[in-house]
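Please look over the sequence and the model below, then read on.

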Amino acid sequence: MTRPGALCLVIVLAIAARLEGQNPLAGDAKAAKAGEYEFRINCALCHGLGARGGGRGPDLTRAQKKHTHNDAEMFQVISSGIPGTAMPANGTNGQGVGMTDEEIWQIITYIRSQEVKTPVAPQGSVAKGKELFYGDANCSLCHMVEGRGGRFGPDLSGVGGSRTREAIIESVRNPSRRLAWGLTEATKEFPQEYESVTAVTSDGRTIKGVTLNEDSFTVQIMDSNEQIHSLQKDTLRSLTKSRESAMPKYDADVLSDKDLGDVVAFLTSLGVK
Amino acid sequence: MSVARASWVKTFCRKGRKEIPQRALRTARYGLIFLVACFSHSLYAQVTSERLVNSAKTPQNWMMYSGDYSGQRSSRLDQINVTNAHSMVAKWVYQTGSTGKLETTPLVVDGIMYATGPDNRAFALDARTGRPIWMYQRQIPGDIRPCCGRVNRGLAILGDKVFMGTLDAHVIALDAKTGNVIWDVAAADYRTGHSFTVAPLVVKNLVVLGVSGGEYGIRGFIDAYEADTGARKWRFYTVPGPGEPGHDSWGGDSWKVGGAPAWNTGTYDPPSNQLFWPTGNPSPSNRGEGREGDNLYSNSLLALDADSGKLNWYFQFTKHDEHDWDATQVPILADVGGKHLIAQANRNGFFYVIDRSSGKLVSATSYGKQTWSDTKDSEGRPVAKKEASPTLEGHTVCPGALGTTNYMPPTYDAQTGLFYVTARDQCDIFSTAPQPYEAGHAFYGSAYFPSEEARPYLGFLKAIDPATGEVKNKFQHTSPTWSGVLSTAGGLVFSGDAEGNFIAFDAATLKPLWHFQMGGAVYAAPIAFAVDGKEYVAIAAGSAVYAFGLP
C-alpha cells in the first residue's frame, strides 16, 4: 500500500475505533508490553509500578473504576485529565513528554491486561461496617463520608474507588506507615501530608493538630476541635512536626479482625458507581 | 533615562521633526531640553556589542541571561541592602495571562523590560510601571510536544532587535520597539523533537543558542546566526559524525540519535574569544545499552571559538550517563585566588572547578546527597559505580533524575567569594523500559520516579566556597524549588520557592531578611535593575512577573 493510502486506512480505523469507543489495540500483547513501559514513564509516579496504586493515584487493577466505564472514556481521561483532581492532562505534568494517541491506546491495553478479572467477593458486611464507622469504631469523629462525620482526617467518600482493600487495612492497622496526601497546589511538586504538628505560641499556648499547609514562614494547622490556626513561624516558641499520624492505631484489641472486615467492606463500597 | 521621558521624547522627537524651527525659535529653553533629550534617547537606543562586553559596569541594565558574560548573575547595585531589605515592597505585577511555567529571565535595557512566557510569548514592559509596550505570540503547530513544558528562558538583545528561540525550532528576531518579526529562520524540524527553550547569547554580531530535544533522540547542536540577517554562521554538532574526533565514543549507529542537547545558556570570555557551552544527556536518557562508550560530547562543557564554532577543548562531567543528568547548568567564570576558573554545580551532585585556559579539572566535590560515585580517576573525576545503572526491576540512586540541581541559574558573589545554588536531595528509582527509536516520539529507554525510601525530598539554597568545594551555609526550603539565585552588592542573595515566596537572604549567613508571597511557584531566576536611579529586583512566578523595590 502507498504511504498516504496506509495513513488513510489508519486514520479511518482510528476514527471508527473512537466512534465505537474501542481500543484499536485491544488484546494485543505486544501493545500491552509497549504500554507497560509507557505506563512506567508517564503514570507510575502516581499510580505505582504495576498500576496497583501509589501515594496519589488510584489502583487501576480494579475492574471497576471511578471515572471511566469503557476504553473511550479512559482515552478521554488520559488525554484531558480529570478537572478538580491531581490527574493531569496528557503532557502537562511538567515531567516527561506528551503521548501520541497510539501510545495512549497502548497504555489502555496494558491497564486492561492488569485488571483483576474476577473481583474478590466482598468480605464482611457493608451495613455492619457502616454502623461501626459512625458508631463504636469512632471513625466518623475524624473522617467524613458523604457529608457526615468529622474534618480532622481525610474525607473517605471516594476511598473505595481509589484504594485497594489491602491499602485500607494497612491504614487502619498502621496509620503512620503512609500518611495520606493532603492539599495539592496546582504548581507544587509534592502535596502536603497529614503530618502531626505541635506549636507552642509566644504566650505559651500549645496547639496540636495536623498541617493543612505550610511554607517557610507560615503554617496552617487544624486542631482536633476542627479549629484552623494561622501561625507565623518566627513568632512561635517551638514547632514540632511528627511522622506519627494523629490517628490512633487500630490494632486487633481495639478493632477485631471481623469488625475490621466489616468496616473495610463499607469503605471499599464507597466511591464506586 | 526614565521610560516616561523616553516615550515623551519619542513622540516629541517624531512630531518635532517638522516643528523644530518654530518651537526652537519660540523658546530656546524648551529647545535645549528637547535636544538633550533627543540626543540621549538616540544614544541609548542601540545596544552595541561593546555595551554587552561592559554590561557589568552598567548595573541599571540587565542585558543578557546571566547579567553579564561571566554568568555570575551578580549585580553591582547596592541601594537595596542588608540594612533596608526588610522594608521592600511590591512595585508592580504583570500578568501574562498564560498557563504553564514561566522560566524567563527578563532583560532590562534603558528602562524597558523584555521577557518571554510559555507558548512562544514575548513581551516588552515599561520597567518602571510594568505596563506592556508590546506583546508577541507565535502560533504553535498543533502537533508539537516539547519535553518538560512549553517554556522559554528568555531573550537576547543587540542593536534594536531582541532574539528568541521558539518551541518549533525557529530562531527569530523581533523589533525591540514594536515586537514585529524582523527575520525568522528554521533551525531544525520540530516534528523530530527539536525545539528551543534556551535564552540565546549574543556575542559580537552573532546570536548563539543550543537546541533542546534530548528526550527525542535528536543529534544536538549549538548554532550561531548573524544578528542582522539571520544567516547561519556556524553549527557545532555536539555528537561527532563519522571521521570526527570522539565519534568512536558511540556504539554502532547510536550517534545518529545521540541527544546531547544544549538547552541552557552558556558563558563567554571576551579576552580569549571563547564560548563555554554546556551540553545535556545522551539519548536515550536512561538506558546505556546500544550506545556503548563515553558518548561524547554529552554532559560536557565545550570551549568553542566564538567566531568559528571550532572546539578548543571539552570536559565531560558524566560519562555514558544513564540517569538524565544533563550538565546544562550555567558554567560561571570566576577569578579566585588569581586563577581563571570555571565553576559549575552539576546535576550529578558534584561541584566542579575547572581551569579556564586548559580545561583541566581543579576539583570535584559533592555538594548534596549522592550514591552513584565513591571513587575518582587519576584526574580527579568522579567515576560511576557499576551498580548505579538502572535495572529492569528498578533501584534507588541519588541524586534522582531531576538532579542535585537543574537548569535554575546559580550566582557567584565576588564580595563573599561564595557560589550560591539551589539544590535538592531526592533519590529516584531508575528502571529500564526499552523503547525503539521512532522519530518525534519520546525516547527515554527508562522510567524513574521518586524513591519512597529517600523521603522526605529536601530543597536547599547552598553557599559553596569554590576554593575548597565546602558547603559553607545552607537554607532549607519547605520543599525543593526550581528558582534561580541572584546576588547583589547590597550583601543580598535573592531566590524564590515552590510555595510562592520571593526571599531576600543575607549573603553572609543565608538568614531570610524579607519575603513576599507571590501566589505561584517559582521556576524562573531573579534579576536586578534600576530606573530613575531606583533599584528594583524582579522575578517571574506563577503566570506573572513581579518587581520589588524600596518604599
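## Chain A overall

In this predicted model, 59% of the chain A contacts between residues at least 6 apart in sequence join residues at least 24 apart. Chain A has nine helices and seven strands. Of its 273 residues, 31% count as buried.

## Two packed helices in chain A

Two packed helices are described by the angle between their axes and the distance between the axes. For helix α4 (residues 71-80) and helix α5 (residues 101-114) of chain A, the angle is about 125° and the axes are 10 Å apart. The pair α4(A) and α5(A) is therefore oblique. The crossing of α4(A) with α5(A) is right-handed.

On the α4(A) side, the contact is made by Asp71(A), Met74(A), Phe75(A), Ile78(A) and Ser79(A). On the α5(A) side, Ile104(A), Ile107(A) and Ile108(A) take part. By class, six residues of this contact are nonpolar, one is polar and one is charged.

## The sheet in chain B

Chain B holds an open sheet of five strands with mixed pairing, in the order β1-β32-β33-β34-β35. Its edge strands, β1 (74-75) and β35 (512-517), each pair on one side only.

Within the sheet of chain B, β33 (residues 492-496) and β34 (residues 501-506) pair in the antiparallel sense over five bridges. Val493(B) stands opposite Phe505(B), a residue of β34(B).

## Where the chains meet

Between the two chains, 28 residues of chain B are in contact with 20 residues of chain A. On the chain B side, these residues divide into 12 nonpolar, 11 polar and five charged.

Note on methods:
Residues are numbered from 1 along each chain as its sequence is written. Chains are lettered from A and ligands numbered from 1 in the order in which they are written. This is a predicted model: local features need pLDDT of at least 70, side-chain atom pairs count only at pLDDT 80 or more; totals for chains, interfaces and linings use all residues. Two strands pair if DSSP finds at least two bridges between them. Helices (H or I, at least four residues) and strands (E, at least two) are DSSP runs, numbered from the N terminus. Two residues are in contact if their C-beta atoms, placed from the backbone, lie within 7 Å. Ala, Val, Leu, Ile, Met, Phe, Trp, Tyr, Cys and Pro count as nonpolar, Asp, Glu, Lys and Arg as charged, and the others, Gly among them, as polar. A residue is buried if 20 or more other C-beta atoms lie within 10 Å of its own, exposed if 12 or fewer, and partly exposed in between; C-beta atoms are placed from the backbone. Axes are lines fitted to C-alpha atoms, for helices over the stretch in contact, and angles run from 0 to 180 degrees between N-to-C directions. Angles under 35 degrees count as roughly parallel, over 145 as roughly antiparallel, 65 to 115 as roughly perpendicular and the rest as oblique. A crossing is left-handed if the near helix is turned anticlockwise from the far one by less than a right angle, and right-handed if clockwise.
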